[in-house]
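Hi,

Here is the structure I promised to pass on.

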Amino acid sequence: MSCSELPDSYLRNRLAVLDVRSASFRRVWDKVVSPGYRVDVCVRRLVAARRIRRIGRGLYVVIDPVRTTPTIAVASGVFSEILHYVTTDAALAHHGLIDQPIFTFTVVLPRVRRPIHVDQTTVIRPVTLDEQRIRAADAYDTTMEGFAIRVATREQAVVDALAEPRWMDHGDLLPEILAAFSDEEVARTASGVLGRTTAAAQRLGYLLEEAERPMPASLAELRPVRAVQLRPQKRTRGPYSSRWRVYG
């Protein structure tokens with residue numbers, strides 16, 4: 001078999017990303033490409049033929065000529081061999097809680113990585129969290145159109161958005177999202193934010209009041225002493241809640 005068969009083999013195995021440094025690449029390469037063929041020569045030819053597209057050093061999206069590969073599969077596929085999960089906007093969109101276009105795909109990692117531009121409008125935003133917290137996070141393995149992804153649950157995505165507001169672009173939709181949660185999901189979210197930071201718990205309390213949802217007992221007992229902003233990335237402060245000490 002030849003170099004030209006490599007993208008088709010990736011797509012048959014539902015692999016969205018070709019990383020020449022990965023173990024998966026070596027397995028596919030050894031199976032598909034004849035001995036003696038140079039990797040750099042093959043990659044250049046595949047790029048020229050528009051079968052793969054470069055998004056980073058040694059990193060390529062495999063182009064399906066029939067359909068567009070879901071970007072969440074690319075975002076998770078880039079980090080498929082390391083500890084990670086997709087969260088906030090992309091995770092909530094995956095769960096059907098956001099219907100706006102997603103241009104930033106936030107992926108939680110245990111170490112710092114640079115943003116990866118998938119195309120002119122879409123970026124994969126790696127963010128960091130302690131490895132133990134990532135392992136304890138409520139995330140799971142599933143598939144999207146046959147491609148493997150690892151994604152946060154609805155509750156975990158909201159917990160991440162409240163603990164790290166800059167990780168979410170559509171934070172103004174959180175009251176609407178929380179309004180769609182069951183009481184059990186709200187309780188799990190409250191437990192999650194309390195395990196992260198007091199500021200995250202304050203933000204949740206503020207948003208639950210805005211969404212007119214019953215307050216879990218664990219949050220009702222909270223008496224914060226420091227004021228926080230609901231969305232620190234905003235330049236101006238909104239209305240102030242004296243109960244939660246949150247600038248909305």
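Predicted model: local features only at pLDDT ≥ 70, side-chain atom pairs only at ≥ 80, totals over all residues.

**The overall picture**

The chain has 248 residues, and 50% of them count as buried. Eleven helices and twelve strands make up its secondary structure. The C-alpha trace spans about 70 × 30 × 30 Å along its principal axes. If you take the contacts between residues at least 6 apart in sequence, 59% of them join residues at least 24 apart.

**Salt bridges**

Back to Arg 213, whose side chain meets that of Asp 183 in a salt bridge (2.7 Å, N to O). Asp 183 sits in helix α9, while Arg 213 is in the loop between α10 (198-210) and α11 (217-220), so this pair ties together parts that are 30 residues apart in sequence. Salt bridges that share partners also join Arg 38, Asp 40 and Arg 44 into one network. In total, the structure holds 13 salt bridges.

One is between the side chains of Arg 188 and Glu 155, at 2.6 Å from N to O. Arg 188 belongs to helix α9 (residues 183-194) and Glu 155 to helix α7 (residues 154-163), so here the parts being tied together are 33 residues apart in sequence. How accessible are the two partners? Glu 155 counts as buried, at 8% relative accessibility, whereas Arg 188 counts as partly exposed, at 45%.

The other is formed by the side chains of Arg 51 and Asp 8 (2.9 Å, N to O). It links distant parts of the chain, with Asp 8 in helix α1 (residues 6-12) and Arg 51 in the loop between α3 (39-48) and β2 (52-56), 43 residues apart. Arg 51 is buried, with a relative accessible area of 18%, and Asp 8 is partly exposed, with 29%.

**Strands**

There is an open sheet of three strands in the order β10-β12-β11, and its pairing is mixed. β10 (228-229) and β11 (240-241) stand at the edges with a single partner strand each, so one side of each has no neighbour in the sheet. β11 pairs with strand β12 (residues 246-247) in the antiparallel sense, over two bridges. Ser 241 is the residue that stands opposite Val 246 in β12.

Then have a look at β8 (residues 139-144) and β9 (residues 147-152), which run antiparallel and are joined by six bridges. Asp 141 has Arg 150 in β9 as its bridge partner. The hairpin of β8 and β9 has two residues between the strands, and Glu 145 takes a positive phi there, near 55°.

**The nonpolar core**

Which residues have the most contacts inside the largest nonpolar core? They are Leu 6, Val 78, Ile 124 and Ile 177, in a core of 80 residues. α10 supplies the largest share of this core, seven residues.

The largest pocket holds about 510 Å³ of space. It is lined by 26 residues, and the closest to its centre are Ser 76, Gly 77, Phe 79, Ser 80 and Glu 81. β1 (17-19), α2 (23-32), α4 (71-78) and β9 are the elements that give two or more residues to the lining of this pocket. The largest cavity has a volume of about 70 Å³, and its lining includes Ala 161, Leu 162, Met 168, Leu 207 and Arg 231.

Over to you!

Note on methods
Residues numbered from 1 in each chain as written. Heavy atoms only, no water. Salt bridge = Lys/Arg side-chain N within 4 Å of Asp/Glu carboxyl O. Helix = DSSP H or I, 4+ residues; strand = E, 2+ residues; numbered from the N terminus. Buried < 20%, exposed > 50% of the residue type's maximum accessible area, 1.4 Å probe, protein only. Pairing = 2+ DSSP bridges. Core = buried A, V, L, I, M, F, W, Y, C linked by side-chain atoms within 4.5 Å. 1 Å grid on protein atoms, 1.4 Å probe; cavity = no way out; pocket = protein on both sides within 12 Å on 5 of 7 lines; lining within 4 Å. Points joined across faces, edges and corners; volume = space filled by probe spheres on them. Contact = heavy atoms within 4.5 Å.
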